[in-house]
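I want to go through the charged pairs, then the strands, then the core.

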Amino acid sequence: VQLQACGGGLVQAGGSLRLSCAASGRTYSINYMGWFRQAPGKEREFVAACSWRGSNTAHADSVKGRFTISRDNAKSTVYLQMNSLKPEDTAVYFCASSPHVSTDVLDYNYWGKGTQVTVSS
């Protein structure tokens, strides 16, 4: 599975960004797609995930009500709509795929290159 993420950038606090992640290759092996982020000096953390074929979604408590994960199967693309961004959302954001139903970073075996999101105060 190959994953290509894009959509990061610099935005002021309170602004919005939408990240996209296009999947290709052996997409039939995907069960869940997730977004994770890693800030400098911190561990990679779960942000949101969705089932590749069904309607299940999950969001970290820190982003609930502000971020929304969605999927377009026709385009084999997963999106992360980020609203009401805060400076603490600044991180490199990664999309990843998992053959499992999981939000655990260790269960994700294919990763895209990260995209930087910077939120200024």
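Which residue's side chain meets that of Arg37 in a salt bridge at 2.6 Å, N to O? I looked it up, and the partner is Glu45. For the record, a salt bridge here is a side-chain nitrogen of Lys or Arg within 4 Å of a carboxyl oxygen of Asp or Glu.

Before going on, a note on the source: this is a predicted model, where local features need pLDDT of at least 70, side-chain atom pairs count only at pLDDT 80 or more, and totals for chains, interfaces and linings use all residues. Residues are numbered from 1 along each chain as its sequence is written, and side-chain values use heavy atoms, with hydrogens and water left out.

**Charged pairs.** I found four salt bridges in the structure. I checked burial next (buried is under 20% relative accessible area, exposed over 50%, partly exposed in between, with a 1.4 Å probe and protein chains only). Arg37 is buried at 6%, while Glu45 is partly exposed at 36%.

Arg37 also forms a salt bridge with Asp89, with the closest N and O atoms 2.9 Å apart. Arg37 lies in strand β4 (residues 32-38) and Asp89 in the loop between β8 (77-82) and β9 (91-98), so this pair ties together parts 52 residues apart in sequence. Strands here are DSSP runs of E, at least two residues, numbered from the N terminus. Asp89 is buried, at 1% relative accessibility.

I also noted Asp61 with Lys64, a salt bridge at 3.2 Å, N to O. Asp61 is exposed, at 66% relative accessibility. Through shared partners, salt bridges join Arg37, Glu45, Arg66 and Asp89 into one network.

**Strand pairing.** I count two strands as paired if DSSP finds at least two bridges between them. β1 (residues 2-6) and β3 (residues 17-24) run antiparallel, joined by five bridges. Gln4 has Ala22 in β3 as its bridge partner. β3 and β8 are antiparallel too, with six bridges; there, Cys21 is partnered by Val78 in β8.

**Core.** A nonpolar core means buried Ala, Val, Leu, Ile, Met, Phe, Trp, Tyr and Cys residues joined through side-chain atoms within 4.5 Å. The largest one has 35 residues, and those with the most contacts inside it include Met33, Trp35 and Phe67. Strands supplying at least two residues each include β1, β3 and β4. β5 gives the largest share, five residues.

Last, I listed what Met33 touches beyond four places in sequence (contact is heavy atoms within 4.5 Å). Among them are Leu3, Cys21, Val78 and Tyr108.

How values were computed:
Helices (H or I, at least four residues) and strands (E, at least two) are DSSP runs, numbered from the N terminus.
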